[in-house]
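Here are some notes to read alongside the structure. Please keep the sequence open while going through the points.

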Amino acid sequence: MRHKSPARRGRALLASLAAAGLLGSLALTNGFAAEPGADTSGKPQGVRLLDTLTVPAGTTEFGMPFGGLSGIDYNRQSGEYVALSDDRSENGKARFYTLRLPLDGAAFADDKPAIDGLTVLADTTGEPFAPKAADPEAIRWTPGGKSLLWTSEGASSSGQPAFVREAATSGGYVRELPLPKAYAPVRSASGTLTAGVRNNQALEGLTLSPDGRTVTTVTENALVQDGPAAGLTVKSPSRLLLMNRRTGKPKAEHVYEVDPISDAPTAPLPPPVGTYSADRGVSEILAVNETDYLTVERSFASGVGFSIRLYWTSTIGATDVNGKEALSGTEKPMPKKLLYDFTTSGTDADNVEGITWGPQLPDGSRSLVLVADDNFGFNGSVTKFHLLSVRSDLLATRTPDVNGDGAVSAKDLAAVRTAGAAGDLDGNGRTDAADVRLWISYARAFPTTQ
């Protein structure tokens, strides 16, 4: 397939829309739109850091360390957050917290979160997890806040598989959503990992579609048989898996390419590790609409620290690899675009591992709340909550593939006004010129357009 440059693709789209009489006098001012033909790929905008709340190291709540927060989700009905600790039942029990982060305008109202409760997670036996039996990483409310979905990275080094499970709000085990065979760790007679998720690079990310029907998870780095882990000059083909929430069956699977590591290590990690270390991976994913997601890519280098970037990505146009035991390397990956880079904010993001949509802000923009894992004080990390704003006209709350043909083209724009709910891209309950403007902005900005 012949790919056009961003400039040529933009001109071709404008020409097709003009020929169809669909441009009218609409101003292309949303999203990444710029002058005709401009390449805006290196100029992220529309996302701002508003505030950061830091929890002191060593904080204890309900008799256990308040730390290791690796997943967070907001319940819009109750105004409460759930935050998952990645404690492998070594500092305390495997657990999640319920908490509140009230806002005062466009900032956190208090200097600390209001912790409402601590809930211990139960294994399939009904008992708390034994030490190192699970590595909790991501968590989401199910619709209505009736239960919770969460992931464990497992431990491929010892043959312990990763998993996605549903838990009651009491922490009790409800069921497991089975992962495809390709994800199971396989070791050779000599003990070498030959297939499956890499150790400590498995299911860091989990999200639900806006309608709650689809569960999406993503591996931090590539499965062993699919390609290399991210390196200083090497990308890593992670897998994004979509599952039916009710049945647990896979619906689709796509390749998401993790960028190379941002920096080389300059000093060893503190004792007892004492080695030079650097890595990069997807630490969380968040659904925007049926086809689009936000991803957090976390890069770390000892002696340098963390580099945290927020990307916008889509399954539109990406190869469906559902059922493949191994990738061939010819698959078309999900397109992605940089939305926000913490290194330009002047704020040390630390080890960001969780992201959720928060409440609407006074100016009408959407809020994002991110949480950084303190690693229980290792290497100087602390728990942080970051509040970001996303301009309301930046991301479509319904997929721009309005007609559902797997592509973003002028046919979708023509269908917006008559598509009912499918054409309500900004989610305000009606289809009008604002939805048309949002679609045009999206098509100009994001590399899914044909």
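This is a predicted model: local features need pLDDT of at least 70, side-chain atom pairs count only at pLDDT 80 or more; totals for chains, interfaces and linings use all residues.

1. How many bridges join strand β5 to β6, and do they run parallel or antiparallel? Strand β5 (residues 80-85) and β6 are joined by 4 bridges, and the two strands run antiparallel.

2. Now turn to Asp 424, which sits in the loop between α2 (410-415) and α3 (433-445). Asp 424 is buried but has no salt bridge. The nearest side chain of opposite charge belongs to Arg 398, 6.5 Å away; a salt bridge would need the charged atoms within 4 Å.

3. What does lie around Asp 424? A polar atom of its side chain is 3.2 Å from the backbone nitrogen of Gly 427. Leaving aside residues up to four places away in sequence, Asp 424 touches Thr 397, Arg 398, Gly 429, Arg 430, Thr 431 and Asp 435.

4. On confidence, the mean pLDDT of the chain is 90, and 89% of its residues reach 70 or more. Over residues 24-44 the pLDDT is below 50, and this stretch has 45 contacts in the model beyond near neighbours in sequence. Residues 1-7 also stay under 50, with 7 contacts beyond four places in sequence.

Definitions and conventions: Residues are numbered from 1 along each chain as its sequence is written. Side-chain values use heavy atoms; hydrogens and water are left out. Buried means under 20% relative accessible area, exposed over 50%, partly exposed in between (1.4 Å probe, protein chains only). Lys and Arg count as positive and Asp and Glu as negative; His and the chain ends are not counted. A polar contact is a pair of N or O atoms within 3.5 Å; within protein, one must be able to donate a hydrogen and the other to accept it, and residues adjacent in sequence count only if both atoms are side-chain atoms. Contact means heavy atoms within 4.5 Å. Two strands pair if DSSP finds at least two bridges between them. pLDDT is the predictor's confidence in each residue, from 0 to 100.
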